[in-house]
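Keep the 3D view open while you read.

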Amino acid sequence: MVALWKININPTKTVCMLFSKKANPDNNFVVKLNNDIIKLSTHHKHLGLWLTNNVSWKKHISEIATKARKRLGCLKLHSFRMSRRSLELCYLTFVRPVMEYGNVMYDSASDEDLNILSEIEKDAMRTITGARKKCNLDKLYKEFKWPTLAVRRANQKITTLGKIIIKNYPPYLVRDLPTFYRDSRTNRKNTFATPTCTKDYYVKSFIPSSIALWNDLPYNVRTCQSYDSLKNRIKSMSLNNVPDYYYHGSRLCNILHCRLRLGCSNLNADKYLIGISNTDLCDCGERETAEHYLLDCGIELEKRVKMLDSILDVLKNKGLSDDRIDQIFGADLLLYGSGELDINENTSIFEAVQLFLWESDRL
Ligand SMILES: [Zn+2]
């Protein structure tokens with residue numbers, strides 16, 4: 001396939017590109033315009049997307065990754081001055097949109113290229129929380145409750161396909177879609193006929209992959225009558241908000257508390273796990289885990305008792321029975337809060353824990 005871009009009225013500045021997946025494309029290909037030979041180009045930026053003659057997204061991903069890294073670098077400069085909420089807002093507003101421009105198109109890129117963007121997001125998550133480089137990634141994703149970039153790309157593909165179906169736009173794409181069984185008596189499920197794909201890169205391209213995702217959607221989502229309701233349902237499928245009290249406290253205390261949750265604190269058990277300490281033991285001789293530090297350690301006993309008493313008061317004021325208090329009183333309550341408590345009660349618990357973290361000066 002050949003594409004031509006007339007960049008300038010001067011034919012010497014007009015370029016064309018021969019798209020080919022062949023290992024040895026025909027380099028002797030000649031395109032003429034008014035008897036002038038048009039220069040063959042290997043890459044070209046069109047509507048913000050970097051297109052390359054070998055139909056690869058490597059160049060586009062490399063360009064957006066460079067731009068996103070620069071912006072993330074600015075955030076890192078202020079990562080200890082700005083609050084977690086401000087950093088998160090800046091990332092979601094200024095960095096992630098850069099990485100997601102054209103994501104329904106470049107989703108067919110190689111895993112190696114897509115991983116470059118995932119690594120930037122992980123770096124951003126660490127910057128926002130103050131986590132260390134080697135922290136547990138599962139815990140990091142749970143901390144944010146964000147869908148991964150891959151899930152977001154899949155959702156974006158579904159909503160884009162929904163826009164094409166529901167709004168009938170753009171017409172040339174609607175024309176080219178496979179059979180859609182909208183009103184057929186034999187198939188009321190609002191599914192598409194699956195296109196025949198013989199090549200891997202075609203399976204991963206927009207129309208076949210979006211159709212596969214669309215056909216797997218729950219029935220009530222596939223049958224949405226308006227584009228807005230489809231968009232909202234897709235959004236709600238992966239929406240899981242971070243509790244408000246996770247943002248509580250001064251920046252330093254918030255980081256220390258978060259590092260305890262993520263298992264990347266200065267406690268010996270955490271440091272031993274990532275190989276930066278020779279021992280996982282506390283000065284008192286027990287294993288220095290978050291649970292030991294918060295609940296059991298004999299060192300800084302007075303400060304710990306003060307914290308635990310404050311937390312106990314919150315639970316008693318809530319009206320919980322002694323048995324229920326025994327059940328929920330533990331390291332998890334101090335680190336993650338409890339769904340049984342409201343936001344003010346959880347915030348009071350976080351405040352007491354963070355005061356202890358600050359006063360004990362161990363982290
Ligand atoms: Zn101890």
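Predicted model: local features only at pLDDT ≥ 70, side-chain atom pairs only at ≥ 80, totals over all residues.

**Helix pairs**

Two packed helices are described by the angle between their axes and the distance between the axes. Here is how that works out for the pairs in this report.

| Helix pair | Angle between axes | Distance between axes |
|---|---|---|
| α15 (residues 301–317) and α18 (residues 343–360) | about 180° | 9 Å |
| α1 (residues 58–77) and α4 (residues 111–129) | roughly 10° | within 9 Å |
| α2 (residues 84–100) and α4 | about 165° | 9 Å |

Let's start with α15 and α18. Their axes make an angle of about 180°, so the two helices are roughly antiparallel. On the α15 side, the contact is made by Lys303, Arg304, Met307, Ser310, Ile311 and Val314. Facing them from α18 are Glu345, Ser348, Ile349, Ala352, Val353, Leu355, Phe356, Glu359 and Ser360. Sort the residues of this contact by class and you get eight nonpolar, three polar and four charged.

Now for α1 and α4. With a crossing angle of roughly 10°, this pair is therefore roughly parallel. From α1, the residues involved are Lys58, Ile61, Ala65, Ala68, Arg69, Leu72, Leu75 and Lys76. They meet Asp113, Ile116, Leu117, Ile120, Asp123, Ala124 and Thr127 of α4. This contact has nine nonpolar residues, one polar residue and five charged ones.

Helix α4 also packs against α2, at about 165°, so α2 and α4 are roughly antiparallel. The crossing of α2 past α4 is right-handed. Arg84, Leu87, Glu88, Tyr91, Val95 and Met99 are the α2 residues here, and they meet Leu117, Ile120, Ala124, Thr127, Ile128 and Thr129 of α4. By class, that contact comes to eight nonpolar, two polar and two charged residues.

**The nonpolar core**

In soluble globular proteins, nonpolar side chains tend to be buried together. Which residues have the most contacts inside the largest nonpolar core? They are Ala124, Ile349 and Val353, in a core of 43 residues. At least two core residues each come from α1, α2, α4, α12 (251–262), α14 (290–296), α15, α17 (331–336) and α18. The largest share belongs to α18, which supplies six residues.

**Asn254**

Leaving out residues up to four places away in sequence, Asn254 touches Arg84, His248 and Gly249. Thr129 is 125 residues away from Asn254 in sequence, yet their C-alpha atoms are 8.0 Å apart in space.

**Two residues with positive phi**

Most residues other than glycine have a negative phi. Leu47 isn't a glycine, but its phi is positive, at about 50°. You'll find Leu47 in the loop between β5 (43–46) and β6 (49–52). Leu47 counts as exposed because it has 7 C-beta neighbours inside 10 Å.

Val55 is another non-glycine residue with a positive phi, this time about 55°. Val55 sits in the loop between β6 and α1. With 13 other C-beta atoms within 10 Å, Val55 is partly exposed.

Conventions
Residues numbered from 1 in each chain as written. Axes fitted to C-alpha atoms, helices over the stretch in contact; angles between N-to-C directions. Helix = DSSP H or I, 4+ residues; strand = E, 2+ residues; numbered from the N terminus. Parallel < 35°, antiparallel > 145°, perpendicular 65-115°, else oblique. Contact = placed C-beta atoms within 7 Å. Nonpolar A, V, L, I, M, F, W, Y, C, P; charged D, E, K, R; others polar. Buried ≥ 20, exposed ≤ 12 C-beta atoms within 10 Å, placed from the backbone. Left-handed = near helix turned anticlockwise from the far one by under 90°. Core = buried A, V, L, I, M, F, W, Y, C linked by C-beta atoms within 7 Å.
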